[in-house]
Amino acid sequence: MANVVVENLTRVFETKSRKVLALDKVSLEVRSGEVFGLLGPNGAGKTTLIRILTTLLLPTSGRALVGGYDVVKEAKKVRGIIGFSSSSERVGFDFVTARRNLWFFSQLYGLSTSIANRRIEELAALLEFQDQLDRKLYTLTTGYRQRLNIARALINDPLVVFFDEPTNGMDVFSAKKVRELFVKEAKINSRTMFLATHNMFEAEEICDRVAIIDKGRILAIDTPENLKSSLSKPVVLFETDVAGAQIDDPTQLEGVVGGTIRVDDENETAKIRVILRDEIFLEKILDILEKRRVRVYNYQILEPTLEDVFISQVGAGFAERERSVEV
Amino acid sequence: MRFSFTLWAKVVIARALIRVIAMYGDPLWILVNVGGPLLTSTALAFLYRFAGLPQFTGFAILGGGIAAYWGNVLWSMASQLSWDKRSGMLYLYITSPAPLTALLIGMSLGGILGTLPSSIAVLITGTLLFKPPFSPPTITLVLIFMLTLVALYGMGIALSSLYLFLSREAEEINEALYEPVSFLSGIYFPSIGRSSPLPIAIQAVAALIPLTIGMDSLRRTVFYAEGLSELWPNIALLAAMAVTSIYIGLKMLSYIERRGRETGDILVTLK
Amino acid sequence: MMRKLIASIQLGLEREFSWTFPPLVILLSTIPATAGILTVVMVYWVGSSAAGKLDPSWVSFLIVGSSLYTHFSSYIWAPLSAVSEGKASYTFPLVFISHSSLSYIAGRVIASFIESSFTAILALGFSTLTVGALLNITPGLGLTPLSMALFAVGMAVGLLAALGLGLMLAAYAIFVTRLEWGLPVYISGILMIFSEAIFPASSLPHPLPLIAESLPFTHIIRAARAALIGPLNLYLAEIFSASLLSAAWFLAGLAIYAHSEKLGRRRGYIDYRVV
């Protein structure tokens with residue numbers, strides 16, 4: 001059963017001077033028990049889609065259903081069955097204990113205190129912060145505050161939970177705990193876990209399916225494996241001296257579909273990662289680099305990642321895309 | 001319908017409780033809250049005494065006791081949603097089924113309970129220091145007090161909705177309006193009626209504010225021992241103001257929430 | 001030192017004014033200040049009328065006193081705010097390690113003083129006009145170039161006293177990490193009672209008038225009244241007392257602040273913050 005249905009969803013933000021197309025006829029479906037990742041660089045439209053699905057924003061056109069309810073016409077019903085957590089938002093009241101904060105949020109959903117208390121214990125056990133429950137929020141470390149934020153999103157036993165960059169800035173241990181919880185909640189409790197992320201590792205590791213989004217358009221939707229295997233073109237990584245960084249745009253190199261250049265200041269090297277139309281272009285690129293007096297230390301053909309899928313579609317990586325997006 | 005009311009009541013209680021815990025959890029909070037009204041009313045009581053009428057020191061003390069409530073019910077609530085928006089809590093409220101009106105009334109109720117020590121401290125200290133003559137509390141006094149709070153609550157919702165579209169301006173406008181509205185409402189002196197020094201046109205404007213009618217009625221009950229028979233026009237007016245302000249407040253809140261979802265403004269976390 | 005001070009004044013002014021149209025800032029602070037003065041005048045008017053002791057000449061006494069009281073109470077908190085806000089945003093530790101905290105605080109006070117001075121002068125003018133219109137009287141304020149200049153000298157002396165008091169509050173803010181913003185409310189309230197802002201200190205019960213006499217603000221307000229209402233011959237004595245007391249307060253503030261900074265560093269409070 002599809003818990004999230006999005007059909008031709010479009011959202012335009014209008015200011016006096018310009019119009020921004022944040023979502024462009026987006027369509028997708030997410031099933032019950034599925035961990036779904038919306039992957040894209042900052043400014044791609046991920047947060048806008050989540051805002052619409054969580055009833056914070058109205059679409060310009062198109063339709064979206066959550067748990068079978070229309071997000072525009074039946075917003076109140078949608079709110080009763082969803083959870084929402086964003087790493088950039090506040091966790092709760094600073095001078096109140098973690099337990100009392102969670103209880104407060106349970107009351108926003110009308111839970112009885114006994115059910116709320118049981119749920120608080122369960123979630124604290126799952127996210128391993130039972131010993132922090134009776135501490136005031138301002139005394140908690142960032143990691144515990146973030147776990148509390150995840151627990152808050154699950155307090156009402158929601159059918160669909162939306163997470164906007166859930167592990168952003170989280171310490172490695174907490175992030176691991178949270179990812180494990182996402183999978184458990186989806187598989188055991190049949191929840192739909194809807195993640196907006198630009199963390200490729202996260203998307204590959206826990207998402208059953210991933211939608212790659214850029215400039216408000218969905219470029220591809222499939223399992224991470226299928227997305228990667230659909231990329232039939234070779235991915236090559238050249239390790240060069242810093243002169244390699246002089247190449248502004250890798251697509252100017254012959255046979256390159258898209259690519260990224262990262263400079264490692266410490267080792268004084270540049271890493272040029274490109275997707276080639278065909279393996280035959282490998283030699284040509286080596287020639288070009290030599291002519292440009294770029295010293296190549298090493299090169300290798302790599303297994304494609306989800307970012308490579310993104311690069312093959314738009315020609316640039318997340319970081320390059322973010323730089324080019326007007327905020 | 002029953003479910004909606006249960007949810008509404010739960011949200012009110014939860015929000016009030018959180019505010020009370022936050023306020024009473026730190027005794028310093030109480031001390032901070034007492035300071036302003038206590039010292040201002042003491043200073044103005046000294047001024048009444050200097051002016052030659054020690055009996056009127058009660059006006060300053062009553063004003064100090066009420067100022068704390070009025071600050072909490074109307075003024076804190078007016079800036080509440082704007083503050084929630086900037087602190088990121090508004091997201092969490094809107095994505096839940098909790099009615100914003102319940103959150104606002106809960107916050108206001110918590111504020112009232114949290115303000116109790118300040119008000120009591122002002123009234124007791126003022127009474128001990130200046131010994132003003134006053135009548136014992138009556139049902140009429142409680143009725144006037146409650147109606148005034150409800151009317152202010154309605155105004156608070158309306159202002160809260162308006163401020164949602166502002167950032168720092170909300171706080172600044174809120175602060176800028178506090179004193180003029182306090183002045184017109186006559187918290188510390190009678191701004192309407194026979195004893196008011198203000199011209200009749202200004203009195204007419206002042207009478208549009210529920211707090212003015214509330215303060216005038218409270219003074220007449222406490223210091224002139226007037227009862228229901230003398231004050232019924234004021235009570236009827238306050239009741240009408242309460243109903244009207246709640247209606248306007250709710251309409252505005254619903255309009256602003258809808259508009260916010262359309263434009264996306266409600267989501268912008270302003271610094 | 002001078003460069004740091006000027007940079008801090010600029011920063012302070014930007015903080016006060018840059019969030020919107022600058023005249024709007026002045027207007028938004030003048031409105032409540034004027035309303036506060038009007039409340040004080042009305043309280044006197046109602047009380048004295050009912051007692052049959054109304055003397056309209058006291059109205060100008062109240063207007064000048066309230067304007068200056070509002071002026072002081074709206075900027076004495078600037079050092080405390082600079083420290084507490086700076087600790088929350090981590091600016092203060094950075095200022096501290098650059099050896100600029102004193103000039104930083106002084107700069108912030110001066111910036112607030114500039115804004116507050118505009119407000120106080122406008123509030124003085126508006127309340128005089130409004131009181132005249134509402135009560136149908138003419139408050140006897142002698143607004144000549146000389147009286148205004150003498151009034152301005154009083155405000156400048158007040159800056160020194162406010163800086164001294166502000167530094168004491170800032171010293172407190174080094175150690176306290178929350179609710180310190182509640183302190184200025186007390187300071188303002190105490191000034192309202194003891195600085196002869198709205199009634200003569202002599203009407204306070206004994207020995208409270210002694211407190212009033214030891215406050216530089218009391219003498220500044222008296223000097224301002226002498227300049228704007230008269231008699232002018234009282235001005236010199238009052239401004240002299242005010243200057244001596246302000247210098248003493250400033251030096252005390254400086255010493256307390258410097259000591260607190262050292263103590264704060266020893267105990268690890270400079271960069272200690274609570275959400």
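The C-alpha centres of domain 1 of chain A and domain 2 of chain A lie 37 Å apart. The structure is a predicted model, in which local features need pLDDT of at least 70, side-chain atom pairs count only at pLDDT 80 or more, and totals for chains, interfaces and linings use all residues. Residues are numbered from 1 along each chain as its sequence is written, while chains are lettered from A and ligands numbered from 1 in the order in which they are written.

**View 1. The domains of chain A.** Domain 1 of chain A covers 2-228 and domain 2 covers 232-303. These bounds come from an automatic or database domain assignment.

**View 2. The six-stranded sheet of chain A.** An open sheet of six strands has the order β6-β7-β8-β3-β9-β10 in chain A, with mixed pairing. Strands (E, at least two residues) and helices (H or I, at least four residues) are DSSP runs numbered from the N terminus, and two strands pair if DSSP finds at least two bridges between them. β6 (82-86) and β10 (217-222) of chain A are the edge strands, each pairing on one side only. From one strand to the next, the twist averages 15°. Axes are lines fitted to C-alpha atoms, for helices over the stretch in contact, and angles run from 0 to 180 degrees between N-to-C directions.

**View 3. The β6-β7 pair and helix α5 of chain A.** β6(A) pairs with strand β7 (residues 160-164) of chain A in the parallel sense, over five bridges. Phe84(A) stands opposite Phe162(A) in β7(A). Helix α5 (residues 142-154) of chain A lies across β6 and β7 of chain A and runs at about 160° to β6(A). For contacts here and below, two residues count if their C-beta atoms, placed from the backbone, lie within 7 Å.

**View 4**

**View 5. The four-stranded sheet of chain A.** Four strands, in the order β12-β13-β11-β14 of chain A, form an open sheet with antiparallel pairing. Each of β12 (256-264) and β14 (296-302) of chain A has a single partner strand, so one side of each is left without a neighbour in the sheet. Neighbouring strands of this sheet are turned by 15° against each other on average, direction ignored. Strand β11 (residues 235-241) of chain A pairs with β14(A) in the antiparallel sense over six bridges. Thr240(A) stands opposite Val296(A) in β14(A).

**View 6. Helix α10 of chain A.** Helix α10 (residues 306-314) of chain A lies across β11, β12 and β13 (269-276) of chain A, at about 125° to β12(A). Eight of the nine residues of α10(A) are buried, so the helix is largely enclosed by the rest of the structure. Among them are Leu306(A), Val309(A), Phe310(A) and Ile311(A), together with Glu307(A) and Asp308(A). A residue is buried if 20 or more other C-beta atoms lie within 10 Å of its own, exposed if 12 or fewer, and partly exposed in between, with C-beta atoms placed from the backbone. Gly315(A), which follows α10(A), has a positive phi, near 90°.

**View 7. Contacts between chains A and B.** In this interface, 25 residues of chain B are in contact with 24 residues of chain A. On the chain B side, α1 (2-24), α4 (89-94) and α10 (228-263) are the elements that give two or more residues. The largest share, eight residues, comes from α1(B). By class, the chain B side has 14 nonpolar, seven polar and four charged residues. Ala, Val, Leu, Ile, Met, Phe, Trp, Tyr, Cys and Pro count as nonpolar, Asp, Glu, Lys and Arg as charged, and the others, Gly among them, as polar.

**View 8. Contacts between chains B and C.** Here 35 residues of chain C are in contact with 37 residues of chain B. The elements of chain C that give two or more residues to this side are α2 (22-51), α6 (101-135) and α8 (183-194). α2(C) gives the most, with 18 residues. The chain C side divides into 25 nonpolar, nine polar and one charged.

**View 9. The fold of chain C.** Chain C has 11 helices and zero strands. Of its 275 residues, 51% count as buried. The C-alpha atoms of chain C fill a box of roughly 60 × 45 × 35 Å, taken along the principal axes.
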